[in-house]
Amino acid sequence: MSAINGHHPDTLWVPSSDRINEATLTTFTAYARADCGFVGGPDYTDLWEWSVEDLERFWLAVWDFHGLGDLFGSPDKVLNERTMPETDWFAGIEVNLAEYVLTRIPPDSPAVIGLSEAGDRRALTGRQLDARVQSLAAALSDLGIGPGDVVAAYIPHCVEAVIAFLATAWVGATWTAVGQDYAANAVIDRFEQLTPKVLFIADGYTFGGRNHDRLSEAAALSSALTSVLAVIEIRHLNPARAVHPEFVDWDQLVKERRSTPARRVPFAQPLWVLFSSGTTGTPKGLVHGHGGVLVEMIKQLSLHWDLKLTDRVFWYTSPSWVMWNIQVGALCVGATVICYDGSPTWPDARKLWQLAQDEGATFLGVSPGYLEASSSMGISPGKEFDLRHLRSMGSTGAPLSSPLQRWAYEEVGELPLWSMSGGTDIAGVFAGGAATVPIVAGEMSVRCLGVALEAWSDSGEPLVGHVGELVVSRPMPSMPIAIWNDPTGEKQRHAYFEMFPGVWRHGDWVTVSRRGSVTVHGRSDSTLNRHGIRMGSADIYAALTDVAAVQDTLVLGIEDDDAGYWMPLFVVLADGASMSTELAKELRDAIRHTLSPRHVPDDIIAVPKIPRTRTGKRLEIPLKRIFQGQPVEAVLSAAAVDDITAVHYFEGLAIQWRGEKLSRQ
Ligand SMILES: CC(=O)CC(=O)O
């Protein structure tokens, strides 16, 4: 690809002047300049600097620009103090996210669309969504549910999950959800910490061409969770079956037209509890405040994703993953949310492209894994499908390599694909893209507005153009207000504020360029550290994405008292490929030429599968610990892993390695 005039040589996408003029970010910038004291230059980085310097004015601008002030009033003070975690945002303001959502969606526009793997489709207009949310909220009120109560859901990515969440928020209660791919024990581990009062369950779901009945798991949850007053059953898999005799029928509750006033709650009232991936120990419950989430969602989805009333947003996700929460946040800007309950690759990786075409999606969210699956199947989405409505794409879950980013640009179309990094911890995004900023291969184009993201050295010096710890040096409203069952705040301090007191240290390893773009190199606690030189695993994965014989990769850096430092690369071979000295050389050369000789692994070992968390993240730290001699049960919970047999395969390799019997290339 040739360089685009006047831009960085690796620029993939440049916004047209129409795109810039139509972007909400452009209107917001003019508003900030006219009414909020922004006096900087025309570049995004000028606005970003203002947003983190004049943090309080910036968030107030987001609040007023999006009509929150008209609905909920103006705060006397936006932020009490900037030292984390003792922050108090929008003190005195009472909010309700569901109330805001239901004022944004036009009554006759589609609000939520539910698609099943088998091809069933349901769509609710704004009016229908409003009616169902209010009826269900009235039923929750009848049960006495309100602020301080937890409502839990064991549910697929279906329309009912969105209604149940909004009804919970409407009555001021706290939501938590786990997708139905989790077994009962893993769900109990999470939910019983929260003593929920109401439990929503679905009878099952379809995935990969198979029906998965979940009624026995639902019964196990209902008997284990003794705090639950009512179990509400959604007949999702089999609408014709009778409702379990001890459960309440969802259809009955939403059929009756009822209403109840929205319960406004203090800004920091818990909106939801999201669980960390839980690879070790009991999963951590991250509590986010009602108002903090509301302003973060609006900022991200309106100013960064550039979503408007006419947008149709389709993110492939599950209710256990923060991308579900962020996608549902699209309702805050009045956009339509498309929920797909099924496999992204069944019968093949064309599935999401097909659904995006059929639904006229304007925004599609995927993971690097899905793009990889599409590219290795030789799919050309832009030629095979009519994606004329698609305006933007997003990718999260893992760093997106530049070859995949290029592939998408060439094979999907000339539209922005924003690689993003954020997560469960902040229910939002630290770095990503903006409709007014060009995209350079391998980078996240911008630090998000209001996010004082920097790369810091171990001694706390900000670094530009060099790798450092991802820190956020000023507070964000969506940082967790607490960790569940952490009365002294000790767990929260330990998780984020130990390395640099008063500053959020995320645990990722990043570079911030002079242009303000960001590259994530992997988790800093699983950083490869060879002879004192630190390297990111994501860079090694990216260097190998173009090798056709390799389907998946994992690199570990293992310190061992006896064996010194060992850096093996594990590879899953593509169909028909076999491990050979030639292939091992090709992989080493690719790493050496793309990165450096220091990045070349000590050994290359073919494995049948790389195990991942259920949200698709490689298990670098637990597998490293297993190689260091820890038992599997001590380093991960089987329920948090997609395939425990793959973990046991690595355990076997670790035993062989420790006995010096491992065969390697
Ligand atoms: C926004 C994100 O970064 C989500 C994730 O990958 O967990």
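Go by ring pairing, where rings of Phe, Tyr and Trp (its six-membered ring) pair if their centres lie within 6.5 Å, and you get 33 aromatic pairs here. One of them is Trp 305 with Phe 363, with 4.6 Å centre to centre and 10° between the planes.

Before you start: this is a predicted model, where local features need pLDDT of at least 70, side-chain atom pairs count only at pLDDT 80 or more, and totals for chains, interfaces and linings use all residues. Residues are numbered from 1 along each chain as its sequence is written, and side-chain values use heavy atoms, with hydrogens and water left out.

**Exercise 1.** Work out which kind of pair Trp 305 and Phe 363 form, and where the two residues sit.

*Solution.* 
- Step 1: planes under 30 degrees apart count as stacked, over 60 as edge-to-face and the rest as tilted.
- Step 2: with 10° between the planes, Trp 305 and Phe 363 are stacked.
- Step 3: Trp 305 is in the loop between helix 12 (290–304) and strand 15 (312–315), while Phe 363 is in strand 17 (residues 363–366), 58 residues apart. Helices (H or I, at least four residues) and strands (E, at least two) are DSSP runs, numbered from the N terminus.

**Exercise 2.** Decide whether Trp 305, Phe 363 and Asp 120 are buried or exposed.

*Solution.* 
- Step 1: buried means under 20% relative accessible area, exposed over 50%, partly exposed in between (1.4 Å probe, protein chains only).
- Step 2: Trp 305 has a relative accessible area of 2%, so Trp 305 is buried. Phe 363 comes in at 1%, so Phe 363 is buried.
- Step 3: Asp 120 has 53%, so Asp 120 is exposed. Asp 120 lies in the loop between strand 3 (110–116) and strand 4 (121–125).

**Exercise 3.** Find the rings that Arg 614 and Arg 618 sit over.

*Solution.* 
- Step 1: a charge sits over a ring if NZ of Lys or CZ of Arg is within 6 Å of the ring centre and within 35 degrees of the ring normal.
- Step 2: Arg 614 lies over the face of Tyr 182, 4.7 Å from the ring centre.
- Step 3: the charged end of Arg 618 is over the ring of Tyr 541, 3.6 Å from its centre.
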